[in-house]
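User: I'm new to reading protein models and would like a close look at just one part of this one. Could you walk me through it in plain words?

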Amino acid sequence: MSDLVARAQLIMLAETLGVPPERVRHLERLGAENLRSLRERISNLLFDEQSATFARMSRLAPLVPNGLVARVSQAIVPPLVAGRAAGALGVDHPGRAKGVLSDLSPQYMADCAPFLDQRTVAVLAPSIPPALLIPAANELMRRKAYVTASWFLDYATPEALLDLEAGIPDKAGLLHTTSLVQSDERLEQIVRLLPTERLAVIVRTAVESPELLMAGLSLLARLSPELAADLGDILFEHLDDDGLTEVLRTVVGQDAIPELLTVAAAVREDAVRRIAADPFLTEPATLEEFVDAAVEHDRWEGLLRVAEHLSGEAGRRINRAAKSAAKSAGSSKAKAS
Amino acid sequence: MRDRNVDAKTALRKQLGPDLAVLDLLTEQESAELQVLIDDARATQRKALDASISEVLGRLPRLARGPARKIMFG
């Protein structure tokens, strides 16, 4: 599976540059963290070189009432400009941000969202009531603009996160959005914040489509083992046997075996036993795919747990491969030292 | 305006910061392509801002237009 978070950063880089993602697709190899630092610097450059203009615009604020700002903006200011200017104006006039936002349509706010300066969002976010943002967040979900929505999660306060989750009925969209949060640490914080029964509803949407399954597995594989176990169990309990086979087929087809093995290393024994009992897993071609993925990504823990429940050649095949991988790793280590 | 004699990676470093490690991972051609995209984005932003400011000033209440123009253009 190509790295979902890196792909999200690539889309954000393209949005920052105002080009289709294909124009920068070749940079995906740089990885999520590098793409993020590159995008942030470019974004800062674009904002900072207009800071004098934004400062002058800010001095206009006392001349223009909130209603007029909203009306004129929506009528004639393109989202690129409104988004770029909004942060600077909001920071200079924090008391007015609420008033202006409440007069803007959710559609216009969603149009402007990709162009906001994230540095100013971090400053402003705590003072904006979530009720003002929920309609725009739902509009982003309707547009499937999960990448844009995801970076708001980086800055939302705990109270705002709970309100946003409650106010967004599209739980599949929330799963997509949450899976794109950049930092693993922040992702863990967000997931820990939500009550289990609300998380369960989100996690269960993972079985609705291959894309959602990829988002769900990517998210689970980035969590601490304890949390991945809790949520992984919720996911596996929701699957009947046919559903589990379908998941395994999707995982192989979408190149997501390493993520599944990470989750398999964490979940409780029942789920591991069910994976091992799935007839698709023990097909020789499938088994080879799993062994190859474990070799390539060093994900033996999950596969060895599965192997404990396999009898006959399938179990022996995995154990032989694991021993051989351990031997090669040992000899490479010895050579290196 | 960028000095065309300076190689693309050096120009990018100057614009984005000498400590930006990811630039080491770009080829010279990728650096040059990225530089073009950044220049285009800057130009688009400038044009869009200028056009919007003129339009917004035209929509302000008549009494506010003079002071607003003074603030924006001196």
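Where in chain A is the place of A:Gln182?

Analyst: Quick housekeeping: this is a predicted model, where local features need pLDDT of at least 70 and side-chain atom pairs count only at pLDDT 80 or more, while totals for chains, interfaces and linings use all residues. Residues are numbered from 1 along each chain as its sequence is written, and chains are lettered from A and ligands numbered from 1 in the order in which they are written.

Now to your residue. A:Gln182 sits in the loop between α12 (171–179) and α13 (184–193) of chain A; helices here are DSSP runs (H or I, at least four residues), numbered from the N terminus. A:Gln182 counts as buried because it has 20 C-beta neighbours inside 10 Å. The rule is that 20 or more other C-beta atoms within 10 Å means buried, 12 or fewer means exposed, and in between is partly exposed, with C-beta atoms placed from the backbone.

Who does A:Gln182 touch? Leaving out residues up to four places away in sequence, A:Gln182 touches A:Val5, A:Ala32, A:Arg36 and A:Asp154; contact means that the C-beta atoms, placed from the backbone, lie within 7 Å. Take A:Arg36: it is 146 residues from A:Gln182 along the chain, yet their C-alpha atoms are separated by 8.5 Å.

Let's step over to the chain partner. In chain A, 27 residues are in contact with 24 residues of chain B. On chain A's side, α2 (32–48), α3 (51–60), α4 (66–76) and α5 (79–92) each give two or more residues, and α2(A) has the largest share, with seven residues.

How values were computed
Two residues are in contact if their C-beta atoms, placed from the backbone, lie within 7 Å.
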